[in-house]
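The sequence and structure come first.

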Amino acid sequence: MSIPVDADHELPGLLSWRRSVAVSHWHRHGRLRSATADTADCGRLGISFGNSRDDFSPTFGRDQRARLMAPNISSLSGGSLLLAWQLKDKTVLIIGGGEVASGRIESVLVADALVTIISPLTGLHPLTRRFVDADRITYHDRVFSGPDDLVGVDMVLTAIDDVEKSREICALCRERKIPINVADIPKSCDFYFGSQIRSGPLQIMISTNGQSPKLANIIRKRIEQGLPEHAGEAIEKVGALRSKLRERAPGVGGEIGKRRMRWMVDVCSSWDMDELALLDEDMMAILLDKGWEKNRVPKLEEVGGQPSKRAPKTAPAQIPAVVLPSALGFSSALHVRHCSSSPAAAELPASEV
Ligand SMILES: C[C@@]1(CC(=O)O)C2=NC(=C\c3[nH]c(c(CCC(=O)O)c3CC(=O)O)Cc3[nH]c(c(CC(=O)O)c3CCC(=O)O)/C=C3\N/C(=C\2)[C@@H](CCC(=O)O)[C@]3(C)CC(=O)O)/[C@H]1CCC(=O)O
Ligand SMILES: NC(=O)c1ccc[n+]([C@@H]2O[C@H](COP(=O)([O-])OP(=O)(O)OC[C@H]3O[C@@H](n4cnc5c(N)ncnc54)[C@H](O)[C@@H]3O)[C@@H](O)[C@H]2O)c1
């Protein structure tokens, strides 16, 4: 798998990576993928990719596919790589204890990181102070002491009011190939943070590539207003359905993988988000029996769902035109554009190969 970092260190939630990326080809699903990338590779490297296109389907027409296969390479520059960085059980060192540090601590705790904080108790912001006794956090009441503090560390985040010290820490990290973010010096950042939206497994990051954090914050609020109400629950349910499908039809790649993906794409595209959010264990079992086994997509009613129980529909998601797919870091397959499925479109056949 082509990875945007030196191959000799493993990458350990939502960040935009600043170094250059080697890309082998456009995956047919519109994702940037290297020829050999698979889930196991991603797990080993601790990275998951998001979709950079607003929709994809094996039922794409030839023109659409041709466009995906032939990107305008000269337009592929000037951005950063959007990833959902996997930090579970990785050690993240946070230097500084002000308000900015407190936000960083929250962000890495959400990602299940092990956190070490180095910052004198006297200067701790109340928002940071509440973390010092928490599980998963090791706190040192002192200033940064030098290279020894970097032993065994997978990522460093500095948020201190001392620019020279920040630069010094950055140099030490780069010598050791430890990815670092320095809150007040973009040039000393290997990756930037972004404005985040979280709803269960749904994670959206808005990045302006360092140009305007405040506008990222404002755009985030507008996106939040436009999101489908049940997106987070729908994603959770689809995640459970995908696990059950993999138990029923195990195997990586090959024909079974293609068939699984086609069926999941058809289910997600033909059911509304609020219908998917209603799925329970029994309904999933029926959906697999009547749908997967028979290579079709049953309606909600057919798997025991009651449309009357459906949450009232909110207005269709109106994502502001400024929100381009390439500006979002999705780690769950969220179709920002509303799926055009109609409840009237009963019994959809799973797509042909
Ligand atoms: C998104 C967010 C995430 C987070 O921090 O978690 C974030 N900054 C946020 C807020 C914010 N930061 C600042 C203001 C004051 C208004 C203003 O300056 O615009 C406000 C707004 C406020 O306070 O309301 C000051 C500031 N920020 C940076 C510098 C240094 C510099 O630019 O040189 C200076 C001092 C500039 C100076 O001295 O003049 C640098 C960075 N800030 C970034 C992220 C990265 C690029 C993000 C992107 O690409 O969009 C980057 C490059 C590095 C990094 O931090 O990773 C979070 C909003 C979260 C939310 O509310 O949703
Ligand atoms: N990236 C962003 O979004 C953003 C936003 C606002 C401010 N900033 C910048 O980030 C920096 C931190 O902001 P803040 O408001 O949290 O700062 P702050 O001044 O409130 O806190 C700084 C903290 O760092 C600690 N500290 C100082 N030197 C240290 C050292 N050598 N080792 C360990 N701890 C040390 C202090 O004790 C204090 O707890 C500032 O330089 C600020 O300009 C960045």
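Helix α6 supplies the largest share of the shell around ligand 1, with 5 residues; helices here are DSSP runs (H or I, at least four residues), numbered from the N terminus. The shell has 18 residues, and Arg 104, Ser 195, Thr 208, Gly 210 and Asn 217 come nearest. A residue counts as near if one of its heavy atoms lies within 4 Å of the molecule. By class there are 6 nonpolar, 8 polar and 4 charged residues in this shell. Nonpolar covers Ala, Val, Leu, Ile, Met, Phe, Trp, Tyr, Cys and Pro, charged covers Asp, Glu, Lys and Arg, and the others, Gly among them, are polar.

Polar contacts (pairs of N or O atoms within 3.5 Å) link the ligand to the protein. A backbone N or O atom of Gly 210 lies 2.6 Å from an oxygen atom of ligand 1. For Asn 217, a side-chain N or O atom is 2.6 Å from an oxygen atom of ligand 1. On its own, ligand 1 has 1,100 Å² of accessible area, of which the protein covers 59%; areas come from the Shrake-Rupley method with a 1.4 Å probe.

## Basis of the model

This is a predicted model, in which local features need pLDDT of at least 70 and side-chain atom pairs count only at pLDDT 80 or more, while totals for chains, interfaces and linings use all residues. Residues are numbered from 1 along each chain as its sequence is written, chains are lettered from A and ligands numbered from 1 in the order written, and side-chain values use heavy atoms, without hydrogens and water.

## Salt bridges

Side chains of opposite charge can pair when their charged atoms come close. The whole structure has 12 salt bridges, each a side-chain nitrogen of Lys or Arg within 4 Å of a carboxyl oxygen of Asp or Glu. Arg 248, Asp 289 and Glu 293 are linked in a network of them.

Helix α6 also holds the pair Arg 220 and Glu 224, 4 residues or about one helical turn apart, with closest N and O atoms 3.7 Å apart. In helix α5 (residues 163-175), Glu 168 and Lys 165 are 3 residues apart, and their salt bridge spans 3.4 Å. Lys 258 and Glu 255 meet at 3.5 Å, N to O, and both lie in helix α8. Glu 255 is exposed at 53% relative accessible area, whereas Lys 258 is partly exposed at 40% (buried is under 20%, exposed over 50%, partly exposed in between; 1.4 Å probe, protein chains only).

Conventions: Helices (H or I, at least four residues) and strands (E, at least two) are DSSP runs, numbered from the N terminus. A polar contact is a pair of N or O atoms within 3.5 Å; within protein, one must be able to donate a hydrogen and the other to accept it, and residues adjacent in sequence count only if both atoms are side-chain atoms.
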